[in-house]
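Trainee: Could we go through this structure together? I would like to begin with its pockets.

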Amino acid sequence: MLNELLRNNKIVAMILTVFRVYLGYAWLTAGIGKITGGFEVSGFLNGAIAKAEGAHPAVQGWWAVFLEQFALPNHEFFAFIVMWGEVLVGIALILGLFTNVAAFGGILMNFAFLFSGTVSTNPQMVLLTIFILVAGANAGRYGLDRWVVPIIKKQGIKFPLRRGRLAHQ
């Protein structure tokens, strides 16, 4: 019943639009701040690795190994994908364009930050993003998805992470 409400109700779609635009704004401003502020990720990575020590570590050992062995040696690449990932996720969510794909990318970044011991607004963003992902197409009802997804479907292109249906489909 809740699933049906999230996926098909027009009033819920309006509420999801508010969530979507809020999250998009948060991602976009964070990404622009990193791009214009000279974002350097190696300090963050070293801090996360250090949080894996002690009696009650904030970062799990397996994640610290990933950060130390893979992310830290490739810190410039990770800085690039975080900055531009945040900007692209933000733009897509604000416009309601490829909403579920953008939400999925955003939630992956949220979990990476949480795994790294950073709480901040990440849990709130995860919770709101779960509603968007569960709602499927209804989350993009009042956005560009309403027009873009049917065009893509007419071309025969499979659209990943799309669930639910819009009223005109």
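Trainee: Which residues lie nearest the centre of the largest pocket?
Mentor: F44, V82, E86, M109 and F113 lie nearest its centre, among 26 lining residues. On a 1 Å grid over the protein atoms alone, a pocket is an open set of points where a 1.4 Å probe fits, with protein on both sides within 12 Å along at least five of seven lines; lining residues have an atom within 4 Å of a point. This is a predicted model: local features need pLDDT of at least 70, side-chain atom pairs count only at pLDDT 80 or more, and totals for chains, interfaces and linings use all residues. Residues are numbered from 1 along each chain as its sequence is written, and side-chain values use heavy atoms, without hydrogens and water.

Trainee: How much space lies in that largest pocket?
Mentor: About 500 Å³, a volume being the space filled by probe spheres set on the grid points.

Trainee: How does the lining divide?
Mentor: The lining has 18 nonpolar, six polar and two charged residues. Ala, Val, Leu, Ile, Met, Phe, Trp, Tyr, Cys and Pro count as nonpolar, Asp, Glu, Lys and Arg as charged, and the others, Gly among them, as polar.

Trainee: Changing topic, where is F98?
Mentor: F98 is in the loop between α5 and α6; helices are DSSP runs (H or I, at least four residues), numbered from the N terminus. Its phi is positive, near 55°, although F98 is not glycine.

Technical notes:
Helices (H or I, at least four residues) and strands (E, at least two) are DSSP runs, numbered from the N terminus.
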